[in-house]
Every structure is written in structure tokens, then in C-alpha cells.
Amino acid sequence: MDRKCLFSEKNIKVGPESGYDNYIMAIESSCDETACAIVKNGREVIANVVASQIKTHEKFGGVIPEIAAREHMDAINIVIQEAFGQSGLKPNDITAFAGTVGPGLVGCLLVGLNAAKTLALVHDKPFIGVNHLNAHLCANYIDTDIKPPFMALLVSGGHTQIIDVESYSKQTILGETIDDAVGEAYDKVARLIGLPYPGGPKLDKLAQIGNPNAFELPISKVGGYDFSFSGLKTAVLRLVKSFEGKDLPVNDICASFQECVSKTLARKLHKALKEKGYNQVVIAGGVAANSEIRKKIFEFEKEGYRVNAPAMKYCTDNAAMVASCAYFNTNTYDNIDVEVFSRA
Ligand code: KG4
Ligand code: ZN
């Protein structure tokens with residue numbers, strides 16, 4: 001599609017129908033990662049730089065928005081320069097500049113989005129604003145040839161959704177969490193059992209050496225394709241309390257929690273997949289890096305489904321997925337005046 005250059009009257013074609021190679025530079029700064037990437041034709045990563053703030057937020061046990069925004073300010077120019085350096089490309093070689101608009105932390109989003117807008121203005125190229133959740137889904141296009149339609153499970157720190165992806169731009173949310181997101185539940189349970197931030201990946205590691213059948217935890221009965229994880233969190237709290245004064249069987253608790261979560265997600269995703277009759281399914285978002293969730297969903301392959309999950313580095317926040325989303329025009333915002341937003 002034609003996208004407007006910002007100073008001249010020129011239009012530049014961006015996307016699969018442009019007829020030439022596209023190099024999109026994207027910036028992501030919605031939470032605690034400052035990232036910049038250059039992606040060729042939506043699928044081939046030419047440069048990928050991620051500056052993580054984990055070390056800063058570790059001591060607080062979670063992300064402090066004001067501190068995160070300041071860290072983005074410190075890192076943003078460095079990640080942009082490094083992406084140019086890795087790629088060997090010059091600003092003029094870039095077809096369009098993209099940035100995450102939301103959802104996310106407003107102060108953090110402002111840093112990356114304004115950097116992307118400025119690059120587009122200075123180099124007279126199109127600007128493309130991207131929705132962070134759509135970008136997570138588009139991580140599935142990187143290094144693969146997968147195309148919609150497919151069913152998708154999006155699991156991140158803020159969202160848990162089953163999405164019917166009919167085309168690059170037509171997506172319908174079939175169900176979502178009515179309380180905590182899966183990543184949030186992981187992080188809260190991790191904190192309960194004394195694991196440091198960010199708890200999700202650490203809990204996953206311990207779960208792999210624990211017994212998944214050690215404790216029976218409740219599977220939520222919420223209907224349709226919706227999810228609820230707050231009851232499970234409370235059940236873990238009760239379980240932890242029952243060990244007061246005794247050694248906490250941390251690995252077994254982690255494994256039992258992980259078993260319950262992964263079973264719930266896989267069951268509902270499988271149901272949606274069967275109901276819709278698609279033969280492809282993808283997972284996306286930070287929690288898609290989880291070993292047991294991946295394992296259970298990849299088991300669908302035995303029934304003949306094509307299953308795709310992004311490489312680990314494209315599951316958690318990164319800018320390559322944002323560039324891919326801009327290329328495939330997945331419900332993007334092409335207006336330079338677009339404002340950041342915090343909630344979906
Ligand atoms: O998508 P993401 O990087 O940021 C958001 O957009 O929310 O997801 C971050 C979430 C955190 O809650 C983190 O604990 C969780 O993903 N996470 C995991 C794993 N790796 C990251 N949760 C469970 N198992 C993992 N291996
Ligand atoms: Zn994310």
C-alpha cells in the first residue's frame with residue numbers, strides 16, 4: 001500500500017505488494033526493553049538489538065514506570081545506532097520507520113514512538129505506528145513462510161487471548177482472561193514462593209525439575225474461550241501457607257502450577273482450532289517462551305496441525321516483530337499524529 005512521506009508529496013509503497021525489497025526499521029519501548037530492529041520484507045531480520053532493563057528493576061521486584069522511561073531515554077540512541085551498525089544500512093536505505101503506539105507504559109512508549117517519528121521526519125520516509133499485541137502475533141512471520149488464516153494464542157505479561165487470525169489485518173478475539181494475564185499469574189506466583197523478578201522464566205526452569213502431579217490445583221471453569229487465573233493464584237497461596245514452618249517443595253509447586261496453566265491454555269486453544277477448522281496454529285507473547293506451554297501445543301502436530309512459535313528471542317519484547325507488523329500492515333496507524341495509549 002502507498003504510505004505518505006512526511007515532508008514531500010511523495011508516496012512510498014510499503015508491504016508485500018510494493019514490488020521491491022522493503023527494509024523497515026522499528027522501535028519498541030512499551031515496557032522494560034528498549035529495542036530497535038531492521039527487517040527485510042517482514043520476515044528476514046537484518047539487525048536486532050534489545051537493551052533489557054531487568055537488572056535495574058530486579059531490586060524493586062517489578063517495573064517502576066518512571067525509572068523505565070528514563071532508562072529508555074538513555075538507551076534509545078544507542079540501540080538505533082547499533083541496529084544501523086549491524087545491518088550496514090544507512091537511513092536512506094530504510095523504506096519506512098515504525099514504532100509501538102500501545103498498549104504499554106505511556107512514559108516508555110513516548111520515548112520510542114517519538115524516536116521513530118523523528119527518524120521518519122528527518123529522512124522524509126513514511127511513519128507506521130504499530131499495536132504491541134499485533135506485533136507479538138507477527139513475530140510468527142519471522143524466519144517462516146506461515147500465512148493466515150490460523151488460530152493464535154497470545155500470552156504475555158498483560159494479555160491472554162485466543163485470536164482468530166483470518167488475514168493479516170482481520171483478527172477476532174474469541175476469548176481472553178477475565179482477571180490476571182498468564183504472565184502476571186506466573187510473576188505473582190513466583191513472588192509468592194520467593195523467586196526474584198522476573199519470575200516467569202525462573203518458575204519455568206524449576207517446574208522442569210519438579211513433579212507436575214505433586215499437587216492438584218484447580219482448573220478454572222470459566223466458559224467459552226475465556227480464562228481466569230486468579231483462583232489458581234489463590235490456591236497456590238493456600239498451598240504455600242500450608243507449608244508454614246516446613247520446607248517448601250518449590251520445584252513441585254512450580255511444576256504443578258505450570259501443568260495446570262499449560263493444560264488450560266492448550267485445551268481451549270485446541271477447542272477453538274477444531275471448531276474453526278483451521279489447520280495452522282501459532283503462539284505468541286512473552287509466555288510463549290514457556291517450555292511446557294510450547295510442548296503441549298506442539299503436540300497438536302501429531303494430529304496433523306501446523307504449529308508455529310517464534311524463536312525465544314522473538315517471543316519476549318523486541319522490535320523485529322514491530323517491523324514485521326508494519327510490513328504486513330496489520331491494523332497499523334499511519335498517522336504521524338497518532339498518540340500513545342496504555343490499554344488495549
Ligand atoms: O510479552 P512480554 O515480553 O511483555 C509483555 O508485553 O507483557 O511478556 C513478559 C511476560 C512476563 O510476565 C514474564 O514473566 C513472562 O512473559 N515470561 C514467561 C517466560 N518467559 C517470559 N512466563 C513463563 N515462562 C517463561 N519461560
Ligand atoms: Zn510484549
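Author: Donors are N, O and S atoms within 2.8 Å of the metal, and water is not among the atoms, so sites may look incomplete. The model discussed here is predicted.

Reader: How are the donor residues of the zinc ion (ligand 2) spaced in sequence?

Author: The spacing is H-x3-H-x180-D. The zinc ion (ligand 2) is coordinated by the NE2 atoms of His-132 and His-136 and by OD of Asp-317, at 2.0 to 2.1 Å. His-136 lies in helix α4 (residues 132–138), while Asp-317 sits in the loop between α10 (312–315) and α11 (320–327), 181 residues apart, so the pair links distant parts of the chain.

Reader: Is His-136 buried or exposed? And Asp-317, buried or exposed?

Author: Buried means under 20% relative accessible area. His-136 has 2%, so His-136 is buried. Asp-317 has 13%, so Asp-317 is buried too.

Reader: What is the strand order in the open sheet?

Author: Two strands pair if DSSP finds at least two bridges between them. Here the 5 strands run in the order β5-β4-β3-β6-β7, with mixed pairing. Strands β5 (44–52) and β7 (127–131) are the edges, each pairing on one side only. From one strand to the next, the twist averages 20°.

Reader: How many bridges join β6 to β7?

Author: There are 5, between strand β6 (residues 96–102) and β7, and the two run parallel. Ala-98 stands opposite Ile-128 in β7.

Reader: Which residues form the nonpolar patch on the surface?

Author: Phe-7, Leu-121 and Val-122 form the patch, with about 310 Å² of accessible area together. Leu-121 belongs to helix α3 (residues 106–122). With a relative accessible area of 30%, Leu-121 is partly exposed.

Terms used: Residues are numbered from 1 along each chain as its sequence is written. Chains are lettered from A and ligands numbered from 1 in the order in which they are written. This is a predicted model: local features need pLDDT of at least 70, side-chain atom pairs count only at pLDDT 80 or more; totals for chains, interfaces and linings use all residues. Side-chain values use heavy atoms; hydrogens and water are left out. Donors are N, O and S atoms within 2.8 Å of the metal (3.2 Å for Na, K and Ca); water is not among the atoms, so sites may look incomplete. Helices (H or I, at least four residues) and strands (E, at least two) are DSSP runs, numbered from the N terminus. Buried means under 20% relative accessible area, exposed over 50%, partly exposed in between (1.4 Å probe, protein chains only). Patches are made of residues with over 30% relative accessible area and no salt bridge: like charges are joined within 9 Å, nonpolar side chains (Val, Leu, Ile, Met, Phe, Trp, Tyr) within 5 Å. Accessible areas come from the Shrake-Rupley method with a 1.4 Å probe; for residues, only the protein chains shown count as cover. A salt bridge is a side-chain nitrogen of Lys or Arg within 4 Å of a carboxyl oxygen of Asp or Glu. Axes are lines fitted to C-alpha atoms, for helices over the stretch in contact, and angles run from 0 to 180 degrees between N-to-C directions.
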